[in-house]
Amino acid sequence: MPLYHYRAKDRQGRSIAATIEADDIRTAAKILREKGYFISELKEPGKGLQAEIKIPGLERGPGLKDVAIFSRQLATMLSAGLPIVQAIAILERQTENKAFQKLLKEIRTDVEGGSSFSDALTKHKVFSRLYVNLVRAGETSGTLDGVLDRLATFLEKDLELRGKIKSAMTYPVIVLVFALLVTYFLLTGIVPQFAQILTDLGSELPLLTRFLIAVSDILRSGTLYLIVVAVIVGFAYRAYYRTERGRRVIDRIKLRMPVFGNLNKKSALARFSRTFGLLVSSGVNVIEAMDITRGTAGNAIIEDILEETKEAIQVGEPIHSTLLRYPQVFPPMVASMIAIGEETGALDTMLQKIADFYEREVDEAVASLTAAIEPIMIIFLGGIVGTIVAGMFLPLFQIINTLSAG
């Protein structure tokens, strides 16, 4: 039976991107409309030039996107009354990622053999501790479809947040790499030719020109050494970051960096609030929820604060009391909203509001950053090229002036 990709919105307005089996595209559309979906796109998998390019041996392994789509589809099937083994078997046939398909087959086999769904998930690293604990809570309470639906929404928002951060970082990196390549070409290809002409003329060279010629000589004779040094520095950085002290030092710098530090902090706060709120709303006790959230923070400084918060909760202190001691990471507004949530018994609601607020802040920060970086990078690239041009033409102007005066 043919497989069709579709994008749609359900009755609650949530976006869904998944696949469906049907005899033809009209039947697929009819099935989706009967489910109450508003279809925005429905098509066969790409063929020819539109097909995804796959290189044998280099297929992508299971990732967060695969888990998000799997969660959304499984939640839909379970809410429709399908047994979990049958639902997993259908998704196993539909998935295009061979590694994820193999993973689903192993999960299905374990569940058929008598294991619980959550126990089957623990064998695979792609499913985080957060994911497994929530699935276990859903199995215990008999609300697995609802938990999977919340998990899918959470993962989709996490993917969206990561995409925004990545897009903010991508543009300056591309422009910087381009600027470095242009600079390298000018210094190793153009400057030596001018240097030879100026040397033959026998004129006294300005300081800027001599500096550019010296840099050009270093690059031409030592490019290989510079590459080796860069590789060594890269490995040294990674090795240092793996150490406990190194991770803390680097993560503290990440939070204090100009412009990007603020973006990192806002994204971390959004992730903390969304994760902690999801766990609390799913019935996970606060101490365990804080411990799981700490493991997903992605920053050693925030992890230390959350560990201290967990210890404070264990001795009876409220959550906000510890966070108030770290205003450089957790602004007073965050601690105040958490305090209100604790007092009113609506902690999960307040955490979701904090997450929504900081996700909007990330949106605005990314837009501002993109708008600001473009002129800065153009000025940076123009400054480099202008300096090299000035260094080469300045002595020529001096020679012309000398000849004119003579």
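Val389 sits in helix H15, which covers residues 347-405; helices here are DSSP runs of H or I with at least four residues, numbered from the N terminus. This is a predicted model, in which local features need pLDDT of at least 70 and side-chain atom pairs count only at pLDDT 80 or more, while totals for chains, interfaces and linings use all residues. Residues are numbered from 1 along each chain as its sequence is written, and side-chain values use heavy atoms, with hydrogens and water left out.

Val389 counts as partly exposed because its relative accessibility is 41% (buried is under 20% relative accessible area, exposed over 50%, partly exposed in between, with a 1.4 Å probe and protein chains only). Together with Val385, Phe393, Leu394, Phe397 and Ile400, Val389 forms a nonpolar surface patch of about 490 Å² accessible area. A patch takes residues with over 30% relative accessible area and no salt bridge, joining nonpolar side chains (Val, Leu, Ile, Met, Phe, Trp, Tyr) within 5 Å and like charges within 9 Å. The areas come from the Shrake-Rupley method with a 1.4 Å probe, and for residues only the protein chains shown count as cover.

Helix H10 (residues 260-281) has 18 of its 22 residues buried. From first C-alpha to last, H10 reaches 31 Å, close to the 32 Å expected at 1.5 Å a residue; the expected span is 1.5 Å times one less than the number of residues. Just after H10, Gly283 takes a positive phi of about 95°.

## Salt bridges

Side chains of opposite charge can pair when their charged atoms come close. The structure holds 20 salt bridges, each defined as a side-chain nitrogen of Lys or Arg within 4 Å of a carboxyl oxygen of Asp or Glu. One of them joins Lys123 and Asp110 at 3.3 Å, N to O. This pair links distant parts of the chain, 13 residues apart: Lys123 is in the loop between helix H5 (117-121) and helix H6 (129-141), and Asp110 is in helix H4 (residues 98-112). Lys123 is exposed at 56%, whereas Asp110 is buried at 18%. In the loop between H5 and H6 there is also His124, buried at 10%. Beyond its neighbours within four places in sequence, His124 contacts Leu103, Glu106 and Ile107 (heavy atoms within 4.5 Å).

Arg247 and Glu303 meet at 2.9 Å, N to O. Through shared partners, salt bridges join Arg129, Asp291, Arg294, Glu307 and Lys310 into one network.

## Aromatic pairs

How many aromatic pairs does the structure hold? There are seven, counting rings of Phe, Tyr and Trp (its six-membered ring) with centres within 6.5 Å; planes under 30 degrees apart are stacked, over 60 edge-to-face, and the rest tilted. Phe70 and Phe100 are edge-to-face, because their planes stand at 80°, with centres 5.9 Å apart. Phe70 lies in helix H2 (residues 64-79) and Phe100 in helix H4, so this pair ties together parts 30 residues apart in sequence.

Tyr237 and Tyr241 form a stacked pair, 6.2 Å centre to centre with 10° between the planes. They are four residues apart in helix H8 (residues 207-242), about one helical turn. Finally, ring pairs link Phe70, Phe100, Phe127 and Tyr131 into a cluster.

Note on methods: Helix = DSSP H or I, 4+ residues; strand = E, 2+ residues; numbered from the N terminus.
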